[in-house]
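I opened my notebook for a friendly walk through one model. Here is what I looked up, entry by entry.

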Amino acid sequence: MTRLSSEGATPAMAQWFTLKAENPEALLFFRMGDFYELFFDDAVTAASALDIALTARGTHGGEPIAMCGVPVAAAPAYLARLIRRGFRVAVAEQTEAPVKGRPSKGPLARAVVRLVTPGTLTEDELLEPGRSNLLLVLAGGGARGRKAKESEKLGAAWIDVSTGVFETASLSPNGLPALLGRLDAAEILAPAALDLADFTSRRAPDAAAPSVETARERLAAAFGVASMDAFGTFSDEESIAAAMAVDYVRRTQAGRLPRLARPVTQNEGGILGIDPATRASLDLLRARDGGTDHTLFAAINRTASAAGARLLAEWLAAPLTQPARIAARQAAWGCLREQAVCREGLRAALKKAPDIARALGRLSVGRGLPRDLAAIRDGILAAREAGSVLHGAGGLPHELARVGAFLGVAGGLEKQLRQALAESLPARLDDGGVIAPGYDAELDEHRALRDDSRRLIAAMQADYAARYGVTTLKIRHHAQLGYVMEVPVAASARLKDRAELVLRQGTASNARFVTEELASLNTRITEAAEQATRRERAVFGALVEAVLAEADLPPLAQALAELDVFQSCATLAAGGAWCTPKVTEDTEFALEGCRHPVVEAALPAGTRFTPNDCRLPPEQRVMLLTGPNMAGKSTFLRQTALAVILAQAGFPVAAERACLGVVDQLFSRVGASDDLARGRSTFMVEMTETAAILNQAGPRSLVVVDEIGRGTATLDGLAIAWGVLEALHSTVRCRTIFATHFHELARLVDTLPRLSLHTMGVREWRGQIVFLHEVLAGTAKKSWGVHVARLAGVPVPVVERAARLLKELERAENTIPEPLPLFDTQKTLPHPPENTLRKRIMDTDPDSLTPRAALELLYELRREAERMQPQAMAGHGQSSPETDSF
């Protein structure tokens, strides 16, 4: 690390040292002419990250100053690469312009005009169109250096600067992993003592938290209200997190606060709890390889706009737990599914709708482009067209009627933008030609003089050529000299003595002269161009202010996004065997003909996916699933979990029929890998995830687990799987699918009354096995591991040797005189002793007892219960059927 000091630096470098000291954690893009330059260690880091040349200029402290740079015009592409690598960039620009005729004393002032961080992006080049880009701020959670207690609430606030979304929540520390997984924030501002687990790499530099009173005052001032009570009730920790989020965003925008929606608080109830491990296991929005192709989102996405895709992803990441809200979403897309003409009309209109929310975001921070105003104009027009199609359908359910009410607004603004904007827009405002002719009279005057210059110059050139007898005379514009009269050197000799001509420059082939007339014309043209540019900027600014003042635009953008999600669901449901699930408040669980949508979408054309039923009624809420590898156990587990997510998000489900009681938490441990970066083996990861399930799951949860205990010795693994299955059945009491290769666990069906046995269908044909991919009642008789090894291409001699060894091991196991306790069903799975106390009570007729006899019976039963207690204490500790039935 180079030791930085401004001592002895040039004035420009002194500015760099000052700005770098204010932003030590960021790479400093220092504007010099048409380049952003980086110096010292910033240059070394950026040159490596961007694969650009590293050079040097001058010296500092006797050492060369490392330097690299990127063109200003290409900066967004380089910024995108740096941000994706996790860097933060401070952009320094000149904040004053040179004054004509006044010599400059020292370099022009520079300041950091923006801090570019992963969570505060606005440019399209830096963002994914169909993905939200969130900044998450966490506050509270205990003092530094100690673990947060469950009673110490965390405050969370998240902002999408690109769209203005602003939400908060108050949650327990145990709820943090689920929130982190659901939001998948690009940048997280959190206390240093707070463990962010797999999201640690997204941590932003720590910041001091304000007091509750200061936080509430800052928030009220930011939104121009007397008190935050105007927006609802926010807890102390929510207020602190929200104020820190606003402060951080304001700092990254150099003191300017972008347009933000009023903060909305969310409670922990109402959203299905899904921890990060489960999300990774199910490939909801991102596949395990980091891509987006083979994901649930890709399989169901039929949206026509970027805003709709973002909202679809948001709803998919946060399924609901209120049947009424789920039913309202279903009714909306169900109506569109039945009306094909309306649905297609909406798709056509929505395809024309630009991203209004992100255009508003850029305009609000002064980074708006001409295309952003056009996006607002075209978006309003598309909304009106969609509204016309929607209202033509008639008989709309509540959600569609609510959305439709916002689609016909802002007509006056659309008309103004249509009149103001040119038919063909340039990429940048500086290129000119943004405002249409005839919209602003003053601008038209300046443009007329500027554009008339071509005709004036052409006429003057013809006049000079005739006057001086030089047919090759040209009038050209020179960057330093302005407009000059240019003649060949051969003709210049007879013009040098003309009093009205002043020689300004001579070259080997030409001579350049000026006249008072040319100088005057040059001044008028230059001033006209500058005035036209200034006026066009002013008119553009007025249009931006009109757009930002239109309060109906944010709800219009949200309405378009919701309508797009509804038509996406309707299009999906209309295109195949997708059902409308019934979601209830009870604990029923039935899927008929369920399929895995991601696997089905990846199958070759003409290949049929084998559907399966899944029933977990209250009386058999635990399914023990056995069967060989490659038979489809993992697919069955995942498709069941995905069906719950789709159903509770209010989306169609890939099944013939679905009836589900609301799930409050979903846990999926299917497939595991090591975590070398954190020093955890595959088995340690598996046990950590298993512990999280057992500690957090409850009676309304759904748990799908695969091969618990596989990462250790056979006896250890079986014992762990055994204990976990018992706990899920008798302690947690949740709906469970427990896939395993430990066939011995099937014996537990005699002692766990809620357990049902199922296996993956397999047939053997002429020494080969055929996987049926069907879930059948019963249990697997063998593992078929050697057969799977043959299918995988293991060399034949190895497979044959393994088959012989397997037969010897099976023969030896069958001749062991004293089986190990774990495998001895007489010792480890005893039938529960007869409950004589219960039998006596059931055999007694209370109506036939006299009061005295009833009292004597009560004393006898008490003595018998006292005798039974030591036996129960010495037992195997397993729940009896009678106990579990209560």
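Which residues form a nonpolar patch on the surface, and with how much accessible area together? I found Leu-855, Leu-858 and Tyr-859, with about 330 Å² of accessible area together. For patches I took residues with over 30% relative accessible area and no salt bridge, joining nonpolar side chains (Val, Leu, Ile, Met, Phe, Trp, Tyr) within 5 Å and like charges within 9 Å. The areas come from the Shrake-Rupley method with a 1.4 Å probe, and for residues only the protein chains shown count as cover. Tyr-859 sits in helix α28 (residues 851-874). Its relative accessible area is 48%, so Tyr-859 is partly exposed (buried is under 20%, exposed over 50%, partly exposed in between, with a 1.4 Å probe and protein chains only).

**Ground rules.** I am working with a predicted model, where local features need pLDDT of at least 70, side-chain atom pairs count only at pLDDT 80 or more, and totals for chains, interfaces and linings use all residues. Residues are numbered from 1 along each chain as its sequence is written, and side-chain values use heavy atoms, with hydrogens and water left out.

**Overall.** I noted 29 helices and 26 strands; these are DSSP runs numbered from the N terminus, with helices being H or I of at least four residues and strands E of at least two. The protein has 886 residues, and 47% of them count as buried. I got about 42,500 Å² for the accessible surface of the protein, with 53% of that belonging to carbon and sulfur atoms. Among contacts (heavy atoms within 4.5 Å) with a separation of 6 or more, 68% are between residues 24 or more positions apart.

**Salt bridges.** My rule was a side-chain nitrogen of Lys or Arg within 4 Å of a carboxyl oxygen of Asp or Glu, and the count came to 41.

- Asp-372 pairs with Arg-362, their closest N and O atoms being 2.8 Å apart. Asp-372 is in helix α13 and Arg-362 in helix α12, so this pair ties together parts ten residues apart in sequence. Both Asp-372 and Arg-362 are buried. Shared partners join Asp-124, Glu-125, Arg-362, Arg-371 and Asp-372 into one network of salt bridges.
- Lys-352 pairs with Glu-385 at 3.2 Å between the closest N and O atoms. Lys-352 lies in the loop between α11 (340-351) and α12 (356-364), and Glu-385 in helix α13 (residues 370-393), so the pair links parts 33 residues apart in sequence. Glu-385 is partly exposed, at 30% relative accessibility.
- Arg-288 pairs with Asp-283, with 2.8 Å between the closest N and O atoms. Arg-288 is exposed at 54%, whereas Asp-283 is buried at 10%.

**Second largest pocket.** I read off a volume of about 1,400 Å³. Of its 38 lining residues, the closest to the centre are Glu-123, Gly-366, Arg-367, Gly-368 and Leu-369. The elements giving two or more residues to the lining are α3 (75-84), β5 (89-94), β6 (110-116), α12 and α18 (516-549). The largest share, six residues, comes from α18. For the grid I used 1 Å spacing over the protein atoms alone: a pocket is an open set of points with protein on both sides within 12 Å along at least five of seven lines, and lining residues have an atom within 4 Å of a point. Points are joined across faces, edges and corners, and the volume is the space filled by probe spheres set on them.

**One last residue.** Thr-690 is in helix α22 (residues 682-696) and is buried, at 5% relative accessible area. Leaving out residues up to four places away in sequence, Thr-690 touches Arg-669, Ile-708 and Val-724.

Technical notes:
1 Å grid on protein atoms, 1.4 Å probe; cavity = no way out; pocket = protein on both sides within 12 Å on 5 of 7 lines; lining within 4 Å.
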